[in-house]
Amino acid sequence: MRKNLGKKTLLYPMPVLIIGTYDENGNPDAMNAAWGSIGDDNQIFLCLSPEHKTVKNILAKRAFTVSFADSSHVVECDYVGVASGNDTPDKIEKSGLHPTKAENVDAPYFEELPLALECTLISYDEKSCHLFGDIVNASVDEKILTDGKVDVRKLNPITFDCVSHNYVALGDVVGKAFSDGLKLK
């Protein structure tokens, strides 16, 4: 038996994304965002409210990074979501994350988070909060590579459960994409 829940924001998994920026003075900032996905080939989509310092920074610099929170850094990644850069100027220092300037955009990535997408702003609509960015580079720590490719098990990303408000680690491999369904063809 099924039950109707009405309009709900239920999409699984929701990645926990850490958005990195610099402000007009070159100070690093980060925020935690769960509403994001691939928007098109080489583009990322984020839904970010305009009052965030991070959004103001993106609009000013037209650059940002998107890193994937992992199970080893839940506390740090949650902190950059609960503290606001608008009223906590030393937020990054307090988080314990270590910013490093990205090679291809004017934005920081964070040493502790092994995969960062370096992005430039394509567009932002303040009314809908829709932000699109062009992914110009993927910067990756070699420790999460297997045979030169990102190994999601080594990345160990976490997802956000919007019902329980828990962070959940991605689980085991359960099948092979573009292959298992061929049995029914």
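**Entry 1**

I began with Lys-94, which is exposed because its relative accessible area is 54%. I noted the cut-offs: buried means under 20% relative accessible area, exposed over 50%, and partly exposed in between, with a 1.4 Å probe and protein chains only. The model is predicted, so I kept in mind that local features need pLDDT of at least 70, side-chain atom pairs count only at pLDDT 80 or more, and totals for chains, interfaces and linings use all residues. Residues are numbered from 1 along each chain as its sequence is written, and side-chain values use heavy atoms, with hydrogens and water left out.

Which residue forms a salt bridge with Lys-94? I found Asp-90, with the closest N and O atoms 3.9 Å apart. A salt bridge here is a side-chain nitrogen of Lys or Arg within 4 Å of a carboxyl oxygen of Asp or Glu. Asp-90 is partly exposed, with a relative accessible area of 33%.

**Entry 2: other salt bridges**

I read that the structure holds five salt bridges. One of them joins the side chains of Lys-91 and Asp-29, at 3.9 Å from N to O. This pair links distant parts of the chain: Lys-91 sits in helix α3 (residues 91-95), Asp-29 in strand β3, 62 residues apart. Helices (H or I, at least four residues) and strands (E, at least two) are DSSP runs, numbered from the N terminus. Are Lys-91 and Asp-29 buried or exposed? Both are buried.

I also looked up Arg-153 and Asp-151, whose side chains meet in a salt bridge at 3.3 Å, N to O. Arg-153 is exposed at 60% relative accessible area, whereas Asp-151 counts as buried at 10%.

**Entry 3: the sheet**

Next I traced the sheet. It is open, has seven strands with antiparallel pairing, and runs in the order β3-β2-β6-β9-β10-β5-β4. Two strands pair if DSSP finds at least two bridges between them. The edge strands are β3 (28-33) and β4 (36-40), and each pairs on one side only.

I then went through some pairs. Strand β2 (residues 17-22) meets β6 (residues 63-68) over four bridges, in the antiparallel sense. Ile-18 stands opposite Ser-67 in β6. Five bridges join β5 (residues 43-47) to β10, also running antiparallel. Phe-45 has Phe-132 in β10 as its bridge partner.

How many bridges join β9 to β10? I found ten, and these strands run antiparallel. Cys-119 stands opposite Ile-135 in β10. The two strands β9 and β10 form a hairpin with four residues between them, and Cys-129 in the turn has a positive phi of about 70°.

**Entry 4: helix α1**

I checked which residues of α1 are buried: Lys-53, Thr-54, Val-55, Asn-57 and Ile-58. What covers the buried residues of α1 includes β2, β3, β6, β9 and β10. Contact means heavy atoms within 4.5 Å. After α1 comes Arg-62, whose phi is positive, near 60°.

**Entry 5: Tyr-22**

I ended on Tyr-22, which is found in strand β2. Tyr-22 is buried, with a relative accessible area of 11%. Leaving out residues up to four places away in sequence, I listed what Tyr-22 touches, including Asn-57, Lys-61 and Pro-108. Where is Lys-183 relative to Tyr-22? The two are 161 residues apart in sequence and 50 Å apart in space, C-alpha to C-alpha.
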